[in-house]
Amino acid sequence: MIKIAYERLEILFKMAEEEFSLHPERSHRYVEMARNIAKKYNLNMPPYWRGRFCKQCNRFLKPGFNSKIRLIESAVTTQCLKCGEIRRNLYKSEQKTRRRNKIESHTFQEGINE
Ligand SMILES: [Zn+2]
C-alpha cells in the first residue's frame, strides 16, 4: 500500500511538472493532492521533489518562474516568490561525506601499491 502511495506521489509531481507551463493552477492542485497522500500515509516526500513545492502555500515551484534559488552560507535556499517562504537545504554535510569517501578510496589505492 505504501509503495502504491509513493508511485502516486511520483506521478502527481511529474504531472505537475508537465502541466506547469500551460496550466499552473493544475500543477498547484497536484501538489496539494500529493501532500494529502503523504500526510495520510505518513510518508516522506521523495528527495528529488522535496524542494519543488512550497510548504506554506502548496504551490509547485519552478526555478526561474516562481521560485528563486540561491547559494547562501553553504545552503541551497529556495524562495517561493508567491508567499516569500524560504527553505534552506544545507549541503555542508554532503560535501563532508563526499570528501571522506575520496580520502578513503585514496588510502585504499595506496594500500594496493605497497
Ligand atoms: Zn509559497
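**View 1. Reading along the sequence, this protein follows the pattern α-α-β-β-β-α.** Welcome to a predicted model, so keep in mind that you are looking at a prediction. If you tally the elements, the secondary structure comes to three helices and three strands.

**View 2. The protein is more spread out than a compact globule.** Why can we say that? The radius of gyration is 19 Å, while the globule rule gives 13 Å for 114 residues, so the protein is well over that value. How many of the 114 residues count as buried? The share is 14%.

**View 3. Three strands make an open sheet in the order β1-β2-β3.** The pairing here is antiparallel. Which strands sit at the edges? They are β1, residues 67–71, and β3, residues 86–90, and each of them pairs on one side only. From one strand to the next, the twist averages 20 degrees. As a handy reminder, strands of a sheet pair through backbone hydrogen bonds, either parallel or antiparallel.

**View 4. Strand β2 joins β3 through five bridges.** Strand β2 covers residues 75–80, and β2 and β3 run antiparallel.

**View 5. Some contacts link residues that are at least 24 apart in sequence.** Take the contacts between residues at least 6 apart in sequence: 42% of these join residues at least 24 apart.

Note on methods
Residues are numbered from 1 along each chain as its sequence is written. This is a predicted model: local features need pLDDT of at least 70, side-chain atom pairs count only at pLDDT 80 or more; totals for chains, interfaces and linings use all residues. Two strands pair if DSSP finds at least two bridges between them. Helices (H or I, at least four residues) and strands (E, at least two) are DSSP runs, numbered from the N terminus. Axes are lines fitted to C-alpha atoms, for helices over the stretch in contact, and angles run from 0 to 180 degrees between N-to-C directions. The radius of gyration is taken over C-alpha atoms; the globule rule is 2.2 Å times the number of residues to the power 0.38. A residue is buried if 20 or more other C-beta atoms lie within 10 Å of its own, exposed if 12 or fewer, and partly exposed in between; C-beta atoms are placed from the backbone. Two residues are in contact if their C-beta atoms, placed from the backbone, lie within 7 Å.
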